[in-house]
Amino acid sequence: MLLGRTTECQILDRLLNEARSGHSGALVLHGDPGIGKTALLDYLAQRASECGVARAVGVESEMELAFAGLHQLCVPMLGQLERLPVPQREALGVAFGLWAGDSPDRFMVGLAVLTLISETAEEKPLVCLVDDAQWLDQESVQALAFAGRRLLAERVLIVFAIREVRQKDLSSLPHLEVRGIDDHHAHQLLASVIQGRLDEQVLDEIVAETHGNPLALLELPKGLTAVELAGGFGLPGARALAGRIEQKFLARFNALPSETQRLLLVASAEPVGDVSLLRRASGLLGVSAAAATPAEDAGLIEIGARVRFHHSLVRSAVYRAATSADRQAVHRALAEATDQLVDADRRAWHRAHAALEPDEAVAEELERSAVRAQQRGGIAATAAFLARSVELTPGVTRRGMRALAAAQAKFEAGAPDQAIELLAIAEMNLLDDSQKARVARLRAQIVFARNRGSEAPMLLLHAAQQLSPFDAALARETYLEMLGSAIFAGRLGGERILQTSAEAARAAPPGIQPRRAIDLLLDGLTTRFTDGYSASVPELREAIRILCLDGGPSEDDARWLWLGCRVASDLWDDESWYQLVVLQVQLARAKGALNVLPIALNYRAGVYLHAGEFAAASALIDEAEAITQVTGNAPLRYTSLVLAAWRGQESHVLILSQASFDDAIGRGEGRAITLAEYAAAVLYNSLGKYESAFAAAQRSRQYGDLGLRGWALTELVEAAVRSGNRQEASAAFETLAGRTRASGTEWARGIEARSRALLNEGKVAESCYREAIDRLTHSRILVHLARAHLLYGEWLRRENRRLDAREELRAAYDLFSRMGAEGFADRARRELLATGETVRKRAIMKSSDLTAQETQIARMAADGNTNPEIGGQLFISSRTVEWHLHKVYAKLEISSRRELRKALSGNEIGHISR
């Protein structure tokens, strides 16, 4: 055990033992400089002697080089690279610069690292140690944190050491704060480095001032004389502890020969620890190899196979204490000593630090490094290279262009504040009108990303108007972005936000030929919100057809699949809706696009919900939630809220609705409010609280939102009839019928027939109910088929046709029970009891004991997917898939994959895949 670290060592030992037994772990050690984090990593490495140990150390000057830290950690594992699935292998190879290829998604790189670590751990347990994580490049942190969250059943332990946990990527991993050791152990440690008798009061003072920081206890006394230690004269003042430790290192540094000082400065500016590079650069500065000896004797540096400082504070103290001129000279020597063919990016970075004034040649070299970083998927590095390139660009025109490119990169890297600053630089540097229009567009996109409120539509409109004379295609995309932002803003954007935006979009330049899905979506939605629903159907239907083509949408059109999904549901086109959500999820999974995947999963969950497969919908929602936690993005509550409503979970709906209202107000996203009111209407109709359903549906249908208004009208007709508001029911039906007739799908005409039945009596009502059931049977929309059976059964009972009523009500009850729609099932059960039939609540199936993820893995395995294929789609390792499957087998009382389909079939409705 380390002195005073019994608790910390026990925690590390426990995690190591769990990893040996096949249960992965991740831990973030955080604390002040010198507090002992590195010593704990060293302790863990020693205890893991029979394990594989991979290490990486963050270096401040390396922070802008994409995947530098990750590459350092993974080099010993690259022998396993061929065992990775092809997309992962290609992504990681491109990220590491091993070969050329398309820029990989950062989360595909994370999945590749997850698989690489898992494969390496197959041979023996693996311990990954990452020191000074506060200085890792952003891409490496994201990839390693992703792996840390997704490891579960592997023999792997990942431990990070960091000063403060500021990165959102590490914030959700388990943490352990490393604090100072207690006074007893502090006295012991201090006594170990002090020769002779020590004044007890002085000893107490040093212990108190260092707060038990081990490095301070070891280093601070070294600069004090025996007299000072005996009497307390000249003890350190009240400077910050890290500063005091650095001062002690600096005192030892300043005592070295000038040649040795210069060598240490070169080492501090060269983060790789390359001994040959250090010697080449030092030689260019006239420093001999023998100059290293005094620094090693002083305990500041160790030069073996690699160059290592005694502590990161030594590096920072040496570098910061140097003059600007000395630092520039050192970077110049390092740039000259670096092979341009082998390490062009570090050479460019050193040249940038060596520049005395703006230098176009260096700026161009940084620009080329930015291109290479982007090709490797290092968007943060791309932004850093471009931003530094801006600083070194002498000409105002090129500076403005580079500032605009850097701002775009900063925005994509998740640094909107820095993007805004760069946009200001761009605007001050003589941009032409075309470039100014692009500045306006990016500024509007940043506003929309930060807050989906009413500001974004008008900003995007002005940008689109500015772009129109220069780039018609980009202008049309910007107009479509404006309409999309207006849809999000909804009621919070003003009563006529959609109509106003659509009227403005009429000024968009003509679309190119052949017309893209983007062009058809823009023209169709413009018509939709100006001339009405029916007029927009032909163009919107053609846009959906193009998006659903066998070859898949073009790269430009694929960006708008989310909008296509909403348009398809607005058109009551369940077939296209299904195809689009499947395609969107497939594309997001294939690219590893975890920023897009949660949205796609929620859209697909919505299709499952309407198909009555609530368990499948819940599994997708859970997966989306797990991914948003990994990525740090805002949670998506829409589908969860609607699912809870269909399940009849009143308290859950109220909680989620309040959260949606709060989020909506905060983001200016009025559509979330409309959705919450629609969900409330569904809930209260299911519970038979028709007055409440009527009020909620009335509020929801007031806004011309895409998709939701038609659904709200459906709820309104039923709630109005049941609550005695027949005049409102008739008016709502006329509006609804105008939409359903224009759509003409089986889903639309089935809803229309069911709603007409509610407003009629006798043979007309019965004919409409039968038509509704027949049409909805030929659609994917099982929840409304079940409701048609329920409404028809309720009508038959009121007509005193009890035997006929029982048949319809049993069908409704069976469907609702199997779905898990408890509110509607209870309503059907009450009606059955009223017919005189005895009804028992449906027994819970064994497969309902499975968790959402277990259900999803079981379904995928039953469909014939292999463990690597399942892991690749769910962003988990093959071993974790196998671990889940063993739990599934135990719960279902089966022993193999062959039995899965039969075991699951009892709880599967199967309507989605007809």
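Visitor: What is the strand order of the open sheet?

Guide: Strands of a sheet pair through backbone hydrogen bonds, either parallel or antiparallel. Two strands count as paired if DSSP finds at least two bridges between them. The five strands of this open sheet run in the order β2-β3-β4-β1-β5, with parallel pairing. At its edges lie β2 (52-57) and β5 (175-177), each pairing on one side only. β2 pairs with β3 in the parallel sense over six bridges, and Val53 stands opposite Val127 in β3.

Visitor: Which strands does helix α1 touch?

Guide: Helix α1 (residues 6-20) packs on the sheet and touches β1, β3 (126-131), β4 (156-162) and β5. Contact means heavy atoms within 4.5 Å. The direction of α1 makes about 150 degrees with that of β4. Such angles run from 0 to 180 degrees between N-to-C directions, and the axes are lines fitted to C-alpha atoms, for helices over the stretch in contact.

Visitor: How many aromatic pairs are there in the whole structure?

Guide: A pair of aromatic rings is described by the distance of the centres and the angle of the planes. Rings of Phe, Tyr and Trp (its six-membered ring) pair if their centres lie within 6.5 Å; planes under 30 degrees apart count as stacked, over 60 as edge-to-face and the rest as tilted. The search of the whole structure finds 14 such pairs. The rings of Trp577 and Trp747 are stacked, because their centres are 5.7 Å apart and their planes at 10 degrees. Trp577 lies in helix α31 (residues 574-591) and Trp747 in helix α40 (residues 746-758), so their pair ties together parts 170 residues apart in sequence. The rings of Trp646 and Phe824 have centres 5.4 Å apart and planes at 35 degrees, so that pair is tilted. This pair also links distant parts of the chain, with Trp646 in helix α34 (residues 638-646) and Phe824 in helix α44 (residues 822-834), 178 residues apart.

Visitor: Are Trp577 and Trp747 buried or exposed?

Guide: Buried means under 20% relative accessible area, exposed over 50%, and partly exposed in between (1.4 Å probe, protein chains only). Trp577 is buried at 6%, and Trp747 is buried at 1%. Ring pairs also link Trp572, Trp577, Tyr678, Trp711 and Trp747 into a cluster.

Visitor: Where does the pLDDT stay under 50?

Guide: pLDDT is the predictor's confidence in each residue, from 0 to 100. Where it is low, the predicted coordinates should not be read in detail. The protein chain averages 88, and 93% of the residues score at least 70. Residues 231-239 stay under 50, and the model gives them 17 contacts beyond four places in sequence. Residues 843-847 are also below 50, with seven contacts beyond near neighbours in sequence.

Notes:
Residues are numbered from 1 along each chain as its sequence is written. This is a predicted model: local features need pLDDT of at least 70, side-chain atom pairs count only at pLDDT 80 or more; totals for chains, interfaces and linings use all residues. Side-chain values use heavy atoms; hydrogens and water are left out. Helices (H or I, at least four residues) and strands (E, at least two) are DSSP runs, numbered from the N terminus.
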